[in-house]
Amino acid sequence: LGDLNSDGAVDIADVMILARIVVGLIEPTGCQLQAGDISGNGELTAYDCALLYQIIVGLVGLPALDKSEAVPGAGTDSVSKAEPRTLGLGAATGAPGEVVSVPVLISDATGINSFDLTVVFPPEPNTLEFVEAVPGALTEGFISAWNADTGSVRVAMCYHTALGDGDVLPGELAVLRFRIPAEAPACFTVP
């Protein structure tokens, strides 16, 4: 369990491989599907990355994660709150040829130790060129992976402990960077 690169050790390299599998950069082998499903739910998600990270830093043990084992600050695969959480994209402006940073914002990140999301943007030529996804102010230090396709990007991030201490924690989960084409009009707007 957890040894995705079959080197006989469970370490941060395995978390990074799992994150790349989650976003579709790596097609998993049968062994990787089995080794990476730390949660035992039959799917590989960013939550499995967080659980594997917790094993590596010693918050939970191998070979199996005991579902009844409570780990303070470890997060869960679904965070339930009385109030719904809202995700949104912040505004960004720039001139043709420039790279702009678009923040992915959340109304409350308390209890989150992992996420994977897909952002869709106009795929037409001369609109935006995706450059990269990086951790936001709330997720500095998270392991991250992204996979861009024409008109979309999938992002996965994880950490070994959950964010926040019980208070509402709004902020920036990730930052998506786009290049505005040099041939774009000066007053270019993306819907």
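Trp146 is partly exposed, with a relative accessible area of 29%. Here buried means under 20% relative accessible area, exposed over 50%, and partly exposed in between, using a 1.4 Å probe and protein chains only. The model is predicted, so local features need pLDDT of at least 70 and side-chain atom pairs count only at pLDDT 80 or more, while totals for chains, interfaces and linings use all residues. Residues are numbered from 1 along each chain as its sequence is written, and side-chain values use heavy atoms, with hydrogens and water left out.

Phe130 is buried, with a relative accessible area of 12%. Leaving out residues up to four places away in sequence, Phe130 touches Phe121, Trp146, Ala148, Val153, Leu176, Arg177 and Phe178; contact means heavy atoms within 4.5 Å.

How many aromatic pairs are there? The count comes to six. Rings of Phe, Tyr and Trp (its six-membered ring) pair if their centres lie within 6.5 Å; planes under 30 degrees apart count as stacked, over 60 as edge-to-face and the rest as tilted. Here are two of the pairs:

| Pair | Centre distance | Plane angle | Type |
|---|---|---|---|
| Phe121 and Phe130 | 6.5 Å | 20° | stacked |
| Phe130 and Trp146 | 5.0 Å | 70° | edge-to-face |

Both Phe121 and Phe130 are buried. Phe130 lies in strand E4 and Trp146 in strand E5 (residues 143–149), so their pair ties together parts that are 16 residues apart in sequence. Strands (E, at least two residues) and helices (H or I, at least four) are DSSP runs, numbered from the N terminus. Ring pairs link Phe121, Phe130, Trp146 and Phe178 into a cluster.

Phe130 and Phe178 also turn up in the largest nonpolar core, among the residues with the most contacts inside it. That core has 25 residues, and strands E2 (99–106), E3 (114–120), E4 (129–135), E6 (152–158) and E7 (171–179) each give two or more of them. A nonpolar core is a set of buried Ala, Val, Leu, Ile, Met, Phe, Trp, Tyr and Cys residues joined through side-chain atoms within 4.5 Å.

What does Glu98 contact, neighbours within four places in sequence aside? Its partners are Phe178, Arg179 and Ile180. Glu98 sits in the loop between strand E1 (87–89) and E2 and is partly exposed, with a relative accessible area of 40%. Glu98 and Phe178 are 80 residues apart along the chain, yet their C-alpha atoms are separated by 8.3 Å.

On to the sheet. E3, E6 and E5 form an open sheet of three strands, in the order E3-E6-E5 and with antiparallel pairing; two strands pair if DSSP finds at least two bridges between them. E3 and E5 stand at the edges with a single partner strand each, so one side of each has no neighbour in the sheet. Seven bridges join E3 to E6, and Asp116 stands opposite Ala156 in E6. Helix H1 (residues 12–22) packs on this sheet, touching E3, E5 and E6, and its direction makes about 25° with that of E5. Helix H3 (residues 46–56) lies across E3, E5 and E6, running at about 25° to E6. Axes are lines fitted to C-alpha atoms, for helices over the stretch in contact, and angles run from 0 to 180 degrees between N-to-C directions.
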